Structures are given as C-alpha cells and as structure tokens.
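Student: Could you walk me through how to read a few local features in a model like this one?
Tutor: Gladly; let us look at it together.

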Amino acid sequence: MLLFRRWPDRRPTPRRSVSMPGPGGHRPPAGTGARPAPPGRPVPIRQFVVKLHSRCDLACDHCYVYTMADQRWRSRPRTMSPLVLARVGERIGEHARRHRLDRAGVILHGGEPLLAGPDGIERAVGLIRRGAAPVPVRMTVQTNGVRLDDAFLRLFARLSVGVSVSLDGDRAAHDRHRRRPDGRGSHDLVQAALRRLTGSYRQLFNGLLCTVELRNDPRTVYRSLLAYRPPVVDFLLPHGTWTSPPPGRPADPRHTPYADWLIPIFDEWYHSPGPPTRIRLFEEIIQLLLGGTSRLAGVGASPVAVAVVETDGAIELDDTLGAAHPGAGRTGLHVARDTFDAALDQPGFRTQQAGLTGLAAGCRACDLHRVCGGGLYTHRYRAGNGFDNPSVYCADLYRLIGHIRDAVRRDVAALRKAAS
C-alpha cells in the first residue's frame with residue numbers, strides 16, 4: 001500500500017519548473033507542469049540557465065558540450081562579463097513582470113561555474129538579482145564538486161544559493177568518466193565536498209545528478225548516492241541521437257539495456273519503507289500515470305519553459321541540443337538587444353511547447369505517448385529529418401513506463417479491494 005502514502009494529490013495545474021541541471025550541460029530541460037497554451041500564446045520562461053563559465057576543470061568523456069557535435073564553446077568567452085550579467089538580470093525582470101510571474105529561477109551553470117571564483121559568483125548573483133528586482137530570483141548552482149570548499153559554502157549560505165552536485169556513484173563508477181585532465185579520478189574530491197555540504201550546510205543541498213552508465217551496477221550506484229541522504233536524485237540518460245547513438249544501444253530494438261538498468265533501482269526505491277529520497281524521473285512517470293502533468297521534460301508533454309544564456313550573452317534553446325548538430329540550439333538572439341519574449345517566438349521554442357501535437361506520427365499512435373511524451377527532444381534527432389522521430393531511447397522508455405504502470409496498477413487494485 002505504498003502508492004498514496006508516497007505521492008499526495010497533485011492535480012494538473014500550472015507549476016514552476018523544478019528540474020535540476022548538471023555540469024557540462026547534462027541538465028534535464030524543464031517543463032512547467034502546465035497544460036499547453038492556446039495557439040499563439042506560448043508559456044513564459046520560468047527558468048534561466050546562465051552559463052557563467054564556459055570551461056571545465058574535468059575532462060569527462062561523456063560530456064556533450066566538449067565531446068559531441070557542437071563545438072562553439074571554443075570561440076566563446078571563458079566567463080560572462082559584468083555587463084552581460086546585468087543585462088541578463090534586467091531581461092529576466094522584464095519577462096517576469098510582463099507575464100506577472102511571482103518569481104524566476106536562475107541556474108548558474110557551465111562548463112564549471114565555480115571556475116568563476118567566489119568573487120565572480122558573488123558578482124553574478126548580485127548583478128542578476130539587482131537587474132531583476134523587484135522580482136525575486138531563486139538561485140542555484142550546479143557543480144561537479146571539485147572546487148566546492150568551505151569558502152564557497154559560506155558564500156552560498158550568505159547569498160541563499162542552493163547547490164546541486166554531479167555524482168555517478170562510488171569511486172569506481174564515478175571515476176569511469178568524471179576524470180581530471182591528467183587522467184586522475186575526481187571521486188575523492190567530490191566525496192570530500194559532499195561531506196562538507198551535507199554537514200553544516202545541508203540546508204543548501206538541492207540534490208545529486210547521476211548519468212546512467214550501463215557498466216556500473218545499478219543497485220551499488222543507487223545505494224552509494226543514498227549514503228549522502230540527498231533530497232532529490234536525477235538519473236539522466238546519456239545524450240545521444242539516432243545519428244550518434246548512446247553507448248550500448250543495441251541494434252535489436254527489442255533490447256532495452258537502459259530500462260533494465262533503471263528498473264532494479266525503481267523496485268528498491270518504490271518498495272522501501274519510510275519517506276524516500278525523491279527520484280524525479282520515477283515520480284513524474286507515476287504522476288503522469290495517475291492523470292497529472294509532468295514538471296520534467298523528457299517525460300510527459302508539458303511545455304518547455306527554459307532558456308539558456310551563453311557566456312557571450314547569446315540566448316539559446318536547451319543546450320543539450322548540441323548533441324544533435326552544430327548550432328542546433330542557436331536562435332540568433334542576444335540579451336543586449338532582444339527580450340526573452342522574442343525567444344518565445346522562435347520556431348524551436350514553439351516546437352518544444354507544442355505538447356502532444358509536436359510528436360512524430362509513430363509516437364502519437366503509441367498507447368503510452370501521453371506518459372512518455374516522445375522522450376527528451378534532443379534524443380529524437382536523426383540527420384535527414386531532424387527531430388520528427390521517436391526517442392533513440394523509445395524501447396527503453398516504453399519498458400520502464402510499462403514496469404512502473406504495473407506497479408501502480410497493483411497498488412491501486414489493492415486499495416480498491418481493501419475499500420470494497
């Protein structure tokens with residue numbers, strides 16, 4: 001009888017984005033949780049990803065920013081200038097007031113944002129908040145954790161900035177990909193940072209982000225993450241497309257290695273006693289199965305309400321699109337001359353706010369399309385016909401959602417039987 005003890009009623013009403021980013025652009029793009037807007041009325045942007053620093057102090061070989069199709073980072077400034085930061089804040093405030101938003105969310109991102117240093121972080125937070133005033137701005141920072149020392153934590157506590165950290169599991173799992181440029185692993189540094197964060201600064205802890213790696217044991221990874229008692233864990237599928245498939249995707253579409261990896265974690269999480277650590281992917285699928293809406297892009301059909309601002313001030317679409325082809329996220333807009341409302345008029349934004357009508361024909365014919373939502377937009381790309389495809393993870397999503405649906409149905413049937 002776990003179902004309704006764990007998930008209180010959440011009716012399909014408009015909601016703020018709550019998605020969490022990850023370093024190197026491994027960020028699940030945000031949905032609003034709202035019904036798609038009527039034609040001609042896009043959903044306003046509620047989450048702004050600010051690329052404070054375009055470089056990274058790790059050399060992760062699964063990071064699409066530096067290892068995949070879009071290499072424009074090479075020509076961008078390393079850091080965002082004070083002038084651009086101030087303009088970002090002003091544009092956020094302008095957008096929020098126009099759409100009567102009660103607040104905005106800003107994620108300091110990279111690359112690795114802590115490379116900006118404590119002074120750079122404090123300047124960025126101050127400039128953005130002053131520019132957006134009187135609209136309150138909730139600030140978070142996504143970091144690989146390597147530089148997260150007491151000086152940064154004292155600063156974040158003083159500025160009320162939340163902290164999310166990327167961790168792929170225990171030492172062996174994490175260091176498989178998240179290595180320093182000289183080849184040494186980063187796990188020990190991240191572990192020390194998490195011990196500091198979860199000690200005197202636990203109130204700042206937003207959660208952990210973990211990229212799925214098929215060679216790592218899922219239960220071992222999950223339990224190693226739980227050791228830090230994170231409020232939220234986001235499991236992310238490695239970025240890939242039909243043209244550049246993710247690691248381990250089999251030629252036989254009947255095989256579902258990523259679902260097979262996630263299902264043991266779901267089973268342990270779902271059946272564990274007591275208040276669980278939130279796993280957003282599983283929670284949102286359950287909410288959709290119960291007739292609600294998703295607040296996480298990649299499942300469901302809630303309009304995407306996130307914009308990215310690069311270090312040079314360019315306003316772009318979700319930066320994971322860089323895994324598809326060079327310039328896939330480009331809009332041609334800039335905070336110095338363009339509003340975020342101008343971004344909403346871009347075809348790319350409108351496509352990602354189209355809901356179920358924007359899905360490929362094969363997706364619309366699927367019995368789980370309202371829950372799956374076609375998967376993450378980036379993962380649908382195929383050279384030749386663009387994004388008019390199911391997700392490259394289609395079979396995995398179908399199996400995972402079906403498994404969760406069966407668990408929910410069993411709980412609902414048991415509750416009905418007990419009530420009869």
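Student: Where is L356 found, and which residues does it touch beyond its sequence neighbours?
Tutor: L356 sits in the loop between α12 (347–352) and α13 (361–364); helices are DSSP runs of H or I of at least four residues, strands are runs of E of at least two, and both are numbered from the N terminus. Not counting residues up to four places away in sequence, L356 touches A301, R364, H369 and R370, where contact means heavy atoms within 4.5 Å. L356 and H369 are 13 residues apart along the chain, with 7.9 Å between their C-alpha atoms.

Student: What should I know about the model before going on?
Tutor: This is a predicted model, in which local features need pLDDT of at least 70 and side-chain atom pairs count only at pLDDT 80 or more, while totals for chains, interfaces and linings use all residues. Residues are numbered from 1 along each chain as its sequence is written, and side-chain values use heavy atoms, with hydrogens and water left out.

Student: How do I describe two packed helices?
Tutor: Two packed helices are described by the angle between their axes and the distance between the axes. The axes are lines fitted to C-alpha atoms, for helices over the stretch in contact, and angles run from 0 to 180 degrees between N-to-C directions. Here the axes of α3 (residues 82–98) and α4 (residues 117–132) come within 7 Å and cross at roughly 35 degrees.

Student: What is the hand of the crossing of α3 and α4, and which residues make the contact?
Tutor: The crossing of α3 and α4 is right-handed; that is the name if the near helix is turned clockwise from the far one by less than a right angle, and left-handed is the name if anticlockwise. On the α3 side the contact is made by P82, L85, A86, G89, E90, I92, G93 and R97, and on the α4 side by R123, A124, L127, I128, G131 and A132. By class, the contact of α3 with α4 has eight nonpolar, three polar and three charged residues. Ala, Val, Leu, Ile, Met, Phe, Trp, Tyr, Cys and Pro count as nonpolar, Asp, Glu, Lys and Arg as charged, and the others, Gly among them, as polar.

Student: At what angle do α10 and α15 pack?
Tutor: α10 (residues 280–289) and α15 (394–419) pack at about 65 degrees, with their axes 10 Å apart. α10 passes α15 in a right-handed crossing. The contact joins L281, F282, I285, I286 and L289 of α10 to L400, I401, I404, R405 and V408 of α15. Its residues divide into nine nonpolar, no polar and one charged.

Student: How many residues of α10 are buried?
Tutor: Nine of the 10 residues of α10 are buried, where buried means under 20% relative accessible area, exposed over 50% and partly exposed in between (1.4 Å probe, protein chains only). Among the buried residues are R280, E283, E284 and Q287. Just after α10, G291 takes a positive phi of about 100 degrees.

Student: How do I tell which side of a helix is buried?
Tutor: An α-helix has 3.6 residues a turn, so residues three or four places apart point the same way. In α5 (residues 150–159), F152, L153, L155, F156 and L159 are buried. They lie on the same side of α5 because they cover an arc of only 160 degrees around the axis, the arc being that of the directions from the helix axis to the C-beta atoms. These buried residues pack against α4, β3 (137–143), β4 (161–166) and α7 (187–197).

Student: Is T378 buried or exposed?
Tutor: T378 is buried, with a relative accessible area of 0%, and its place is in the loop between α14 (369–372) and α15. The side chain of T378 reaches the backbone nitrogen of L321 at 3.5 Å.

Student: Where is R100 found, and is R100 buried or exposed?
Tutor: R100 is found in the loop between α3 and β2 and counts as exposed, at 78% relative accessibility. Phi of R100 is near 55 degrees, a positive value in a residue other than glycine.

Definitions and conventions. Polar contact = N/O pair within 3.5 Å; in protein donor to acceptor, adjacent residues only side chain to side chain.
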